[in-house]
Amino acid sequence: MGRLLGSMREAGAGEQITALAPRAATHAALDKPHRVATLLLELRNVGAGEQVTALTARAASDFALDDLEAVAALLRYLWKVGAGEHVTALAARAATEITLHNQDAADRLLESMREVGAGEQATALASRLPAVGRFDQSVQFSGNLEQFRLGREPDGSAAPSWTWTDLD
């Protein structure tokens with residue numbers, strides 16, 4: 001749909017753009033982040049600010065969280081169009097709901113969150129890493145390596161130092 005809007009803009013079809021832009025913002029598929037980005041950019045290029053806001057809101061609340069790489073890409077695209085509030089909303093959803101099944105993709109998502117200013121959400125996501133066997137990455141990401149040099153307790157707190165005499 002973004003390409004269509006671009007072609008219409010190049011052809012000078014302003015009336016048709018005005019008719020299509022609201023429908024594009026409310027009904028466009030949200031399955032591919034690059035398609036959402038293309039549509040956002042074209043909506044912005046034709047001066048459809050209201051539709052940009054509507055589409056970024058839809059993307060933040062309805063984008064599927066099953067592909068960590070796609071979520072990372074969409075976060076960057078939303079940030080590029082200045083949708084900070086919606087970046088925060090999508091990052092918050094991802095931090096609590098996304099499945100951390102792919103280590104490399106999770107690392108890229110964490111970096112994307114940091115890049116777009118969603119530090120709190122990145123910290124929340126990193127705090128979930130130990131539960132999926134990635135304690136080292138969680139500590140490394142959060143910068144708490146020294147605090148957790150002796151590991152952690154079952155409740156997640158830093159393990160205290162001990163000596164052999166403590167082993168009764």
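The model is predicted, so to speak of local features we need pLDDT of at least 70, and side-chain atom pairs count only at pLDDT 80 or more, while totals for chains, interfaces and linings use all residues. Residues are numbered from 1 along each chain as its sequence is written, and side-chain values use heavy atoms, with hydrogens and water left out.

Let's start inside. A nonpolar core is a set of buried Ala, Val, Leu, Ile, Met, Phe, Trp, Tyr and Cys residues joined through side-chain atoms within 4.5 Å. Buried means under 20% relative accessible area, exposed over 50%, and partly exposed in between, using a 1.4 Å probe and protein chains only. The largest nonpolar core here has 48 residues, and those touching the most other members are Leu43, Val71, Leu75, Ile98, Leu109 and Met113. At least two residues of this core come from each of α1 (2-11), α2 (14-27), α3 (33-45), α4 (49-62), α5 (68-80), α6 (84-97), α7 (103-115) and α8 (119-126). The biggest giver is α5, with seven residues. Such helices (H or I, at least four residues) and strands (E, at least two) are DSSP runs, numbered from the N terminus.

Now zoom in on valine 71. Leaving aside residues up to four places away in sequence, Valine 71 touches Phe63, Ala64, Leu65, Leu90, Ala94, Ile98 and Leu109. Contact means heavy atoms within 4.5 Å.

Alanine 91 is buried, with a relative accessible area of 0%. Not counting residues up to four places away in sequence, Alanine 91 touches Leu75, Met113, Ala118 and Gln121. Glycine 117 lies 26 residues from alanine 91 along the chain, and their C-alpha atoms are separated by 9.8 Å.

Alanine 91 also takes part in a helix pair: Thr88, Ala91, Ala92, Ala94 and Ala95 in α6 meet Gln121, Ala124 and Leu125 in α8. The residues of this contact divide into six nonpolar, two polar and no charged. Here Ala, Val, Leu, Ile, Met, Phe, Trp, Tyr, Cys and Pro count as nonpolar, Asp, Glu, Lys and Arg as charged, and the others, Gly among them, as polar.

Finally, look at another pair. In α2, Ala21, Pro22, Ala24, Ala25, Thr26 and His27 meet Gln51, Ala54, Leu55 and Arg58 in α4. The residues of the contact of α2 with α4 divide into six nonpolar, three polar and one charged.
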